[in-house]
Amino acid sequence: MTKAACNKSTNRAFIAPFTSTPEDKHRAIALCESCPMRKACARDALTAGTALSQGGPTPANDVIQAGVVCCGDDETLWALSRIAGVTPSIPEPTKAHRPDRCRHCHREMVKWNRYTTQPAGTVKHYARGFCEHCRKPYAEWKKSVGVASAHRGLRKPVDRKRHSAPPKKRGVLTVQPTLFEIG
Ligand code: SF4
Ligand SMILES: [Zn+2]
């Protein structure tokens with residue numbers, strides 16, 4: 001019979017990732033990635049949470065299963081569904097919504113903004129439900145669920161000249177003549 005890779009593991013991160021060290025979480029996720037039970041484990045984790053108020057099973061919370069740090073939320077559902085190879089019960093939005101609390105430190109979050117100070121007791125959203133203080137856990141989470149990095153720079157090939165400031169020579173704007181003007 002196939003054995004779960006975590007069968008004899010004593011790593012606490014599997015059962016309490018929110019209070020475990022990043023190193024322990026990293027080791028747990030790495031073990032899951034090599035586990036032959038990963039797909040089945042993701043399928044189980046999809047309904048392992050208990051939230052009676054929401055009227056049905058929810059994804060696992062505060063455990064690592066199938067290499068996902070499970071937070072019992074929609075992001076967990078989508079990450080586990082991807083690994084399990086099933087269609088999530090609620091569709092993944094094209095633009096992820098911001099949860100009220102950071103997925104890692106669980107502090108209350110406000111929308112990303114340009115101010116350095118935030119309302120008392122809140123932190124600024126950074127990306128994918130992680131706050132600005134939890135960038136490292138965010139990077140680890142992305143790696144664990146195979147989420148590609150956000151595209152950087154300009155999103156479509158454009159005429160760079162139109163998007164850059166015209167060149168200046170001693171403070172005076174200089175406009176390059178086009179080839180047919182030279183010819
Ligand atoms: S995928 Fe599941 S069964 Fe396998 S090591 Fe991870 S938690 Fe354990
Ligand atoms: Zn955080």
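# Working chat on the chain and ligand 1

Biologist: Which helices each supply at least two residues of the shell around ligand 1?
Modeller: α1 (22-33) and α2 (38-45) do. Keep in mind that this is a predicted model.

Biologist: Which residues are around ligand 1?
Modeller: A4, A5, C6, L31, C32, C35, M37, R38, C41, Q65 and A66.

Biologist: How do the shell residues divide into nonpolar, polar and charged?
Modeller: Nine are nonpolar, one is polar and one is charged.

Biologist: What is the mean pLDDT of the chain?
Modeller: The mean is 81, and 74% of the residues reach 70 or more.

Biologist: And where is confidence lowest and highest?
Modeller: Helix α6 (residues 179-182) is lowest, with a mean of 56. The highest is α2, at 96.

Biologist: OK, overall layout. How many helices and strands are there?
Modeller: Six helices and seven strands. Starting at the N terminus, the order is α-α-β-β-α-β-β-β-α-α-β-β-α.

Biologist: What percentage of the chain is buried?
Modeller: Of the 183 residues, 26% are buried. As for contacts with a separation of 6 or more, 45% of them are between residues 24 or more positions apart.

Biologist: How many residues are in the largest nonpolar core?
Modeller: It has 29 residues. A42, A45, I64, A66, V68, C70 and L80 have the most contacts inside it.

Biologist: Which elements each supply at least two residues of that core?
Modeller: α1, α2, β1 (61-65), β2 (68-71), α3 (74-84), β5 (130-131) and α4 (135-145).

Biologist: Take A45. What is it in contact with, leaving aside neighbours within four places in sequence?
Modeller: P59, A60, Q65, A66, C70 and L80. Of these, Q65 and A66 are also among the residues around ligand 1.

Biologist: A66 keeps coming up. Where is it found?
Modeller: In the loop between β1 and β2. Its phi is positive, about 55 degrees, although A66 is not a glycine.

Biologist: Is A66 buried or exposed?
Modeller: A66 is buried, because 27 other C-beta atoms lie within 10 Å.

Biologist: How many other C-beta atoms are within 10 Å of H106?
Modeller: There are 15, so H106 is partly exposed.

Biologist: Switching to α4. Which of its residues are buried?
Modeller: P137, Y138, W141, S144 and V145. These are on the same side of α4, because they cover an arc of only 125 degrees around the axis.

Biologist: What covers them?
Modeller: The cover over the buried residues of α4 includes α1, β2, α3, β4 (122-127) and β5.

Biologist: What comes just after α4?
Modeller: G146, with a positive phi of about 70 degrees.

Biologist: Last one, W112. Where is it found?
Modeller: In the loop between β3 (108-110) and β4.

Biologist: Does W112 count as buried or exposed?
Modeller: W112 counts as exposed, because it has 12 C-beta neighbours inside 10 Å.

Biologist: And what does W112 touch, not counting residues up to four places away in sequence?
Modeller: K124, H125 and Y126. From W112 to V123 it is 9.0 Å, C-alpha to C-alpha, and the two are 11 residues apart in sequence.

Key: Residues numbered from 1 in each chain as written. Chains lettered and ligands numbered in written order. Predicted model: local features only at pLDDT ≥ 70, side-chain atom pairs only at ≥ 80, totals over all residues. Near = placed C-beta within 6 Å. Helix = DSSP H or I, 4+ residues; strand = E, 2+ residues; numbered from the N terminus. Nonpolar A, V, L, I, M, F, W, Y, C, P; charged D, E, K, R; others polar. Core = buried A, V, L, I, M, F, W, Y, C linked by C-beta atoms within 7 Å. Buried ≥ 20, exposed ≤ 12 C-beta atoms within 10 Å, placed from the backbone. Contact = placed C-beta atoms within 7 Å. pLDDT = per-residue confidence, 0-100. Arc of directions from axis to C-beta.
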